[in-house]
Amino acid sequence: MIYSYAYSSTPTVAGDAFEANLANILDHSRWWNGENDVTGALLASEGGFVQILEGSQATIAVLIDNLRYDCRHRSMQSLLTEFRSERRFSRWAMARVPASAPDMQLDELSFSGSDRVQRLIERMAELAEA
Ligand SMILES: Cc1cc2nc3c(=O)[nH]c(=O)nc-3n(C[C@H](O)[C@H](O)[C@H](O)COP(=O)(O)O)c2cc1C
């Protein structure tokens, strides 16, 4: 079974520093996740991050520990943990999900309710790109 974890968080910087951090995060994620059989997607805007991680539970636990101490974001909140028979993001070590779609504006998303989280994740899978 594949362990899947989703959370939201808030970037700590804006503007050029945000873009620079995001580029570094995606670069590092694509390398490390590729080495460690982790897949997933990152919805990123200055208004917030939503990330989905998929892999073995032990590997994702290590990554979550690192994420908790990463000062490029704050206020991590778990949205979903589940075991699945298949990955949703098997094609991507870390897909980027553009926040430009009207329903992906993070300051307007409401995460309360598991239906909404499921819908958000399905939408991220539709919009995922390299
Ligand atoms: C929003 C966000 C998402 C991240 N996603 C990943 C990821 O998918 N994979 C990864 O290896 N690091 C990711 N990182 C970076 C980790 O927080 C951390 O820098 C990385 O695991 C290296 O940690 P280390 O320098 O202590 O080894 C992310 C960071 C942020 C802020």
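Predicted model: local features only at pLDDT ≥ 70, side-chain atom pairs only at ≥ 80, totals over all residues.

I placed Asp37 in the loop between α1 and β2. Is Asp37 buried, exposed or partly exposed? I found 13 C-beta neighbours inside 10 Å, so Asp37 counts as partly exposed.

Ser75 went on the page too, with a positive phi of about 55° although Ser75 is not a glycine. Ser75 sits in strand β4, residues 73–84. I found 11 other C-beta atoms within 10 Å of Ser75, which makes Ser75 exposed, since the cut-off for that is 12 or fewer.

**Whole chain**

I noted 3 helices and 5 strands in the protein. Starting at the N terminus, I read the order as β-α-β-β-α-β-β-α. Along its principal axes, the C-alpha trace spans about 40 × 30 × 25 Å.

Then I checked the radius of gyration. For 130 residues, a compact globule would come out near 14 Å, and the protein has 13 Å, so the two agree. Buried residues account for 28% of the 130 residues. I also looked at contacts between residues at least 6 apart in sequence: 78% of these join residues at least 24 apart.

**Helix α1**

At 1.5 Å a residue, the 21 residues of α1 should span 30 Å, and I got 31 Å between the end C-alpha atoms, which agrees. Which residues of α1 are buried? My list reads Ile25, Ser29 and Asn33. The buried residues of α1 pack against β2.

An α-helix has 3.6 residues a turn, so residues three or four places apart point the same way.

**Around the ligand**

Next I looked at what surrounds the ligand. I noted 18 residues around the ligand, and Ser29, Trp32, Asn66, Asp70 and Arg72 come nearest. Ser29 was already on my list of buried residues in α1.

Which elements each supply at least two residues of the shell? I wrote down α1 (15–35), β2 (39–45), β3 (48–55) and α2 (57–68). α1 gives the most, with 5 residues. Sorted by class, the shell has 8 nonpolar, 8 polar and 2 charged residues.

**Helix α3**

The 14 residues of α3, 114–127, should span 20 Å at 1.5 Å a residue, and the end C-alpha atoms are 20 Å apart, which agrees. The buried residues of α3 are Leu120, Ile121 and Met124. They cover an arc of only 95° around the axis, so they lie on the same side of α3.

What do the buried residues of α3 pack against? I found β1 (2–11), β2, β3 and β5 (95–97). On the face turned away from the buried side, I noted the exposed residues Asp115, Arg119, Glu122 and Glu126.

**Two single residues**

I picked out Glu54, which lies in strand β3. Is Glu54 buried or exposed? I counted 25 C-beta neighbours inside 10 Å, so Glu54 is buried, the cut-off being 20 or more. Leaving aside neighbours within four places in sequence, Glu54 is in contact with Ile2, Ser4, Val38, Thr39, Gly40, Arg87, Arg88 and Phe89. I also took a distance to Asp27, 27 residues from Glu54 along the chain: the C-alpha atoms are 17 Å apart.

With 15 other C-beta atoms within 10 Å, Ile64 is partly exposed. How far apart are the C-alpha atoms of Ile64 and Arg96? I got 19 Å, for residues 32 apart along the chain.

Conventions. Residues numbered from 1 in each chain as written. Helix = DSSP H or I, 4+ residues; strand = E, 2+ residues; numbered from the N terminus. Rg over C-alpha atoms; globule rule 2.2 N^0.38 Å. Contact = placed C-beta atoms within 7 Å. Near = placed C-beta within 6 Å. Nonpolar A, V, L, I, M, F, W, Y, C, P; charged D, E, K, R; others polar. Expected span 1.5 Å × (residues − 1). Arc of directions from axis to C-beta.
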